[in-house]
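The following account leads the reader through one part of a protein model. Please keep the sequence and the structure in view while reading.

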Amino acid sequence: MGKGYKDIGVFLPVANGGWIISKNTPRLDGMYKQNLDAALIAEEEGLDFVMSMGKWRGFGGETNHWGTSMESVTMMAGIAQATNRVKIWATMHTLLHNPVVVAKMITTLDYISNGRAGLNVVAGAYRGEFAQMGEWDDAIGHDGRYALAEEWLTVIKRLWSEPRVDFQGKFFNISDCVSDPKPMSRPRPDIICAGMSPRGFEFSVRESDAVFIGGRSWDEIRDAAKRAREVAERMEKTIKIYCMLNVVCADSDAEAEKIVKHYQEGIDEGAVLGMMESWGIPKDKDTSMAARRIGAFMNQVAAGTPETCHEKMHQFIEHCDLDGLMLTFADYIQGLRAVGKGILPKLRKTYA
Ligand SMILES: Cc1cc2nc3c(=O)[nH]c(=O)nc-3n(C[C@H](O)[C@H](O)[C@H](O)COP(=O)(O)O)c2cc1C
């Protein structure tokens, strides 16, 4: 059995619909109140972190999935003020903000949260999100976006630790640049990344404290975790590896399975196709079948009673060799309460 404390966090529903693309889920509106309530319960129930993604354009479809969203950092500033203990991880796109601005934004978040801030760095993958604001340059390309991200993050890390920074790169020119105060977190705010391609992996493992990995099956996720650990070993560093998990808790396993089936049956095919398009998969005539193959759930699912969910979470962590989970729910209030009351105490004991 894997040893050590496992970090359990929540991926806040910062964009409408959350991580199930379905017409049959309870309404997640992507607005501040639902996010704040979820964060407050996560804190109360003893979770370790709350994170929000950065999202600028949704997938369309009947539900207009992810079409309504809050901006990550400003939202997390409100949540930081309202909480005392959970880590506060916000997302910034390297394509959108000058790193000097970001260094100070995250430092500010660090002071508001009293040293709980973290930065999820995303290089940007979905053309439509950035092309709509004139911030997409086809000439840069996928790996080039990681080269840009590397410069961007180097500037931020240096501004967090050095009195004055000079940096002449391909993408950024920083001269005699100052940024004070330094963050209060030591050695610095957490850095989190989720690149999955070989170049994204290399960047994420080298530059961050924790990486998120994904996959269509447990075996794919296990292989990705193994790959991340191998890259880390080559770099002679240790890294935490997390994965997302959707939890559907009910009074019986049969009831939970019924709920999962209901969500699956309500799949918003139009939005799933929009998501596939955002991944660069063009629409073709077989689209409806393709959407159904992908399904309504955007990540792995643990469904059942709290006992069953605990067992599945335990098995998932072990199978994939993970250091933590970031949970998502159809109903964050009900789900987080179920985790806090019925699952987390057992999980803490398992990994004491
Ligand atoms: C947990 C998690 C969080 C992510 N958060 C964001 C995000 O907030 N915004 C975004 O545009 N992409 C986000 N992504 C996508 C990744 O940044 C990345 O683009 C994707 O994993 C593909 O990897 P690649 O860029 O190496 O090809 C996230 C991915 C994961 C697994």
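The axes of helix H7 (residues 218-234) and helix H11 (residues 306-320) come within 8 Å and cross at roughly 45 degrees. Here axes are lines fitted to C-alpha atoms, for helices over the stretch in contact, and angles run from 0 to 180 degrees between N-to-C directions. H7 and H11 are therefore oblique to each other, since angles under 35 degrees count as roughly parallel, over 145 as roughly antiparallel, 65 to 115 as roughly perpendicular and the rest as oblique. From H7, the contact involves Trp218, Ile221, Arg222 and Ala225, and from H11, Phe316, His319 and Cys320; two residues are in contact if their C-beta atoms, placed from the backbone, lie within 7 Å. These residues divide into 5 nonpolar, 1 polar and 1 charged (Ala, Val, Leu, Ile, Met, Phe, Trp, Tyr, Cys and Pro count as nonpolar, Asp, Glu, Lys and Arg as charged, and the others, Gly among them, as polar).

This is a predicted model, in which local features need pLDDT of at least 70 and side-chain atom pairs count only at pLDDT 80 or more, while totals for chains, interfaces and linings use all residues. Residues are numbered from 1 along each chain as its sequence is written. Helices (H or I, at least four residues) and strands (E, at least two) are DSSP runs, numbered from the N terminus.

Strand E8 (residues 210-213) runs parallel to strand E9 (residues 240-249), and 4 bridges join them; two strands pair if DSSP finds at least two bridges between them. Within this pairing, isoleucine 213 stands opposite cysteine 243. The chain passes from E8 through H7 to E9 in a right-handed β-α-β crossover, meaning that, with the strands pointing away from the viewer, the path from the first strand over the helix to the second runs clockwise.

In a regular strand the side chains alternate between the two faces of the sheet. In E8, Ala210 and Phe212 point one way and Val211 and Ile213 the other, and all are buried. Phenylalanine 212 counts as buried because it has 23 C-beta neighbours inside 10 Å; the cut-off is 20 or more, with 12 or fewer for exposed and partly exposed in between.

Cysteine 243, in strand E9, is also buried, with 24 other C-beta atoms within 10 Å. Setting aside residues up to four places away in sequence, cysteine 243 touches Phe212, Ile213, Gly214, Ile221, Cys320, Leu322 and Leu325. Cysteine 243 and leucine 322 lie 79 residues apart in sequence and 7.3 Å apart in space, C-alpha to C-alpha.
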